[in-house]
Amino acid sequence: MTDTRTAPTAEGTATAEVVEHWIDGAPVPGESDRTGPVYNPARGVEQRRVRFATTADVDAAVQAAARAFPMWRDTSIAKRQQVMFAFRELLNARSDELAAILTSEHGKVLGDAAGEISRGLEVVELACAMPAYTKGEYSENVSTGIDVYTLRQPLGVVGVISPFNFPAMVPMWFFPLAIAAGNTVVLKPSEKDPSASIWLARLMQEAGLPDGVLNVVHGDKVAVDALLEHPAVRSISFVGSTPIAQYIYATATANGKRVQALGGAKNHMLVLPDADLDLAADAAVNAGFGSAGERCMAISAVVAVDSIADELVAKISERMSRLRTGDGTRGCDMGPLITREHRDKVAGYLDVAASDGASVVVDGRDPDVDGEPDGFWMGPTLIDRVPTSSAVYRDEIFGPVLSVVRVDGYEEGLDLINSSRYGNGTAIFTNDGGAARRFQREVTVGMVGINVPIPVPVAYHSFGGWKDSLFGDAKAYGPRGFDFFTQEKAITSRWLDPSHGGLNLGFPQHD
Ligand code: NAD
């Protein structure tokens, strides 16, 4: 997982393992002495460091990808598919190793890590079906003796920049489709949990991927900017917070690249009075506190119609009392947050809630944990009667904090959801098919659940939000993913025919 070169620890007293870049099929330390900490969040300790790339290191990765591109583009579809099938088999067989890495560096519990991997695996399986998605079209005899057909061809070197919260799944939203379609990739994973990407790159090599087709560089803004500005990088696929997504979109498009930049979220769950409240309470707890709320599709605001709000809040808080927070290797329900700084920021929202007049129903600041005391712990938290003017409602908190906002009825709930700047996911809980159908038509959100709280589409549909949750017009994976990683070429052809028409300087017309 790591390589042997070392770097000073934060204290400067000893040396630590360093996660290095992966360029041209081998670990590469690069030229930088800058490194960052990689924590074990459940223990609250720095377990290794990660190398931060310079502009020259990123250039080396892009050059490796550019060298590999002509060979990979010209590799037959059958051979590219064989690599993806082999990767799928290896990943399936060894997913426990990857889950252990995710739990160790991210903190999510092992069961959730396995779920993340299985959703990434789905996209690998979709990549195996690449030929069906990238076929061209053919029209015979569009004009006498002339045929028109289209090809979908790879872009070249593509860049992927991913967030900390899904260190395996989000890279797998992109690189399997990009590679299956004949592109070569430079991936810049989150510096907070970088080892999963290296593990995946090694596994791709084991599956038969030629060196240089998938490269990984680690780092911060320096590495990201180098990718955004590199002339040989044809596209950027980004997933992260909204302010950074906006920056990525603006910078990469200004540099002439194709861009899909998926941003942050604030997902609402509207509960109507006729809903099954036990189902709704289960869903709110599962989607609010799974992965400690560090999911872009987490439910963070329950919008409850007033007449059932007291009963729903009681059912949610009763279920919360049964959740076990702790070390992800010990069978707990919920792990720690990613860093101490993030944990403290999330905990700070309870003070905001109190001063904004909301009522704290369950306070998770001092949880009873099954784990080491220095872990970055924050227990499940429930805040009722949250004013929509409060930062608790408006900000993407990205932690185990569930807000309840009370509304008079469907219309007020819909208006609230539609006035959010974000439009990633939403859900409605009701037994009224007419209300659900109206909601799916009227809500301005990219992914909608009906009695389903985390409506992440399966791999053969595409994933992405609206408004400030997605910049660019291409969603991730599914048919839109293949479109993003290919460019269409239209060919008009005529083979020698004695009936050709001779000289004619007019604009081509059909006969
Ligand atoms: P982040 O925006 O801090 O980081 C994402 C990536 O951008 C990382 O690789 C990071 O190194 C890089 N980065 C950070 N600061 C940068 C800067 N100033 N300039 C250039 N690059 C920079 O996000 P995160 O904290 O890693 O992840 C959580 C966020 O990601 C949340 O907002 C969450 O909603 C979002 N997210 C969205 C989706 C989605 O599909 N819409 C999925 C997962 C996560």
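## Ground rules

The model is predicted, so local features need pLDDT of at least 70 and side-chain atom pairs count only at pLDDT 80 or more, while totals for chains, interfaces and linings use all residues. Residues are numbered from 1 along each chain as its sequence is written, and side-chain values use heavy atoms, with hydrogens and water left out.

## The largest pocket

Start with the largest pocket, which holds about 1,200 Å³ of space. Of the 50 residues lining this pocket, F164, E191, K192, S241 and I244 come closest to its centre. A pocket here is an open set of points on a 1 Å grid over the protein atoms alone, with protein on both sides within 12 Å along at least five of seven lines; a lining residue has an atom within 4 Å of a point. Grid points are joined across faces, edges and corners, and the volume is the space filled by probe spheres set on those points.

Where does the largest pocket lie? Domain 1 (4-263 + 469-490) and domain 2 (267-450) both give residues to its lining, so the pocket lies between them. The domain bounds come from an automatic or database domain assignment. β5 (35-40), α6 (169-180), α8 (221-229), β12 (233-239), α9 (242-254) and α12 (340-355) each put at least two residues into the lining. The largest share, five residues, belongs to α12. These element names follow DSSP runs numbered from the N terminus: helices are H or I with at least four residues, and strands are E with at least two.

Nonpolar covers Ala, Val, Leu, Ile, Met, Phe, Trp, Tyr, Cys and Pro, charged covers Asp, Glu, Lys and Arg, and the others, Gly among them, count as polar.

## Enclosed cavities

The structure also has four cavities of 30 Å³ or more. A cavity is a set of grid points where a 1.4 Å probe fits but cannot get out. The largest cavity contains about 110 Å³ of space. Its lining has 15 residues, with G293, R295, A298, S300 and F398 nearest the centre. By class, that lining is made of seven nonpolar, five polar and three charged residues.

Helix α1 (residues 55-73) runs for 19 residues and reaches 26 Å from its first C-alpha to its last, close to the expected 27 Å. The expected span is 1.5 Å times one less than the number of residues. There's a bend of about 25° at R67, with a proline, P70, following within four residues. That bend is the angle between axes fitted to the seven residues ending there and the seven starting there. The buried residues of α1 are D57, V58, A61, V62, A64, A65, A68, F69 and W72. Buried means under 20% relative accessible area, exposed means over 50%, and partly exposed is in between (1.4 Å probe, protein chains only).

Helix α7 (residues 195-206) has 12 residues and spans 17 Å between its first and last C-alpha, close to the expected 16 Å. How many of the 12 residues of α7 are buried? Nine are, and the helix is mostly covered. Among them are W199, L200 and M204. After α7 comes G208, with a positive phi near 110°.

## Loop residues worth a look

Most residues other than glycine have a negative phi. D24 is not a glycine, yet has a positive phi of about 60°. D24 sits in the loop between β3 (21-23) and β4 (26-28), and is partly exposed at 33% relative accessible area. N451 also isn't a glycine, and its phi is positive, near 55°. Its place is the loop between β23 (447-450) and β24 (466-467), where N451 is partly exposed at 27%.

Other loop residues are buried. T134, in the loop between α5 (130-133) and β7 (138-143), has a relative accessible area of 12%. T134 and T486 are 352 residues apart along the chain, but their C-alpha atoms are separated by 7.9 Å. I338 is found between β16 (325-326) and α12, and counts as buried at 3% relative accessibility. From I338 to D193 is 145 residues in sequence and 9.0 Å in space, C-alpha to C-alpha. P163, in the loop between β9 (157-161) and α6, is buried too, at 13%.
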